Structures are given as structure tokens and as C-alpha cells.
Amino acid sequence: MPERHASLFRDGRHQAVRIPREFEMEGSEVLIRKEGERLILTPFRKNRLLDLLASWDAAG
């Protein structure tokens with residue numbers, strides 16, 4: 001998938017990002033983690049949390 005610039009803005013006390021349509025995610029929540037200067041967003045599916053945690057353990 002190609003890279004795109006996205007806008008950052010303030011929403012009260014929080015910083016937010018406008019995600020371009022081609023990068024939209026399903027659901028209403030994501031897990032966020034930081035690796036160096038990168039922010040990694042992963043779709044959060046409540047019934048798949050254990051699978052996600054297992055995949056992080058296997059990767060690292």
C-alpha cells in the first residue's frame with residue numbers, strides 16, 4: 001500500500017490523526033504501541049485479544 005500524508009489535529013487534550021479512506025480500519029477501537037518513532041495501530045477485536053497477544057510474543 002502506498003504511503004500518504006495525514007493531518008494531525010487536537011481534540012480536547014488528545015492528539016488525533018485523520019486517516020485517509022484507503023487506510024480505514026473496521027471497528028471502533030485500535031491497540032496502539034510505539035516502536036522507536038513509529039506508532040503502530042492494530043485493529044482491536046475483543047474476541048481476538050488472546051490471538052493478538054500470542055502473535056506479539058511470537059514476533060518478539
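Good morning, everyone. One caution before we start: this is a predicted model.

Let's take the overall layout. The protein has 60 residues, and 5% of them are buried. Its secondary structure comes to one helix and four strands. Start at the N terminus and walk along: the order is β-β-β-β-α. What about contacts along the chain? Take the contacts with a separation of 6 or more. Residues 24 or more positions apart account for 2% of those.

Now the hairpin. Look at β3, residues 30-35, and β4, residues 38-43. These two strands run antiparallel, and six bridges join them. Two residues sit between the strands. Gly-36 is in that turn, and its phi is positive, about 65°. Find Glu-35 next. Its bridge partner in β4 is Arg-38.

On to the largest pocket. How much space lies in it? About 890 Å³. The lining has 19 residues, and the closest to the pocket centre are Ala-6, Val-17, Ile-19, Leu-39 and Leu-41. Which element gives the largest share of the lining? That is β4, with four residues. So much for the top contributor; β2, residues 14-17, also supplies at least two. By class, the lining has 13 nonpolar residues, two polar and four charged.

Last topic: salt bridges. A search of the whole structure finds two.

Take Arg-4 and Glu-22. Their side chains meet in a salt bridge, at 2.4 Å from N to O. This pair links distant parts of the chain. Arg-4 is in the segment before β1, which spans 8-11. Glu-22 is in the loop between β2 and β3. The two are 18 residues apart.

Arg-33 is partly exposed, at 28% relative accessibility. Glu-35 is partly exposed as well, with a relative accessible area of 42%.

To recap. Strands β3 and β4 form a hairpin. The largest share of the lining of the largest pocket comes from β4. And there are two salt bridges in the whole structure. Thank you.

Technical notes:
Residues are numbered from 1 along each chain as its sequence is written. This is a predicted model: local features need pLDDT of at least 70, side-chain atom pairs count only at pLDDT 80 or more; totals for chains, interfaces and linings use all residues. Side-chain values use heavy atoms; hydrogens and water are left out. Two strands pair if DSSP finds at least two bridges between them. On a 1 Å grid over the protein atoms alone, a cavity is a set of points where a 1.4 Å probe fits but cannot get out, and a pocket is an open set with protein on both sides within 12 Å along at least five of seven lines; lining residues have an atom within 4 Å of a point. Grid points are joined across faces, edges and corners, and a volume is the space filled by probe spheres set on the points. Ala, Val, Leu, Ile, Met, Phe, Trp, Tyr, Cys and Pro count as nonpolar, Asp, Glu, Lys and Arg as charged, and the others, Gly among them, as polar. A salt bridge is a side-chain nitrogen of Lys or Arg within 4 Å of a carboxyl oxygen of Asp or Glu. Buried means under 20% relative accessible area, exposed over 50%, partly exposed in between (1.4 Å probe, protein chains only). Contact means heavy atoms within 4.5 Å.
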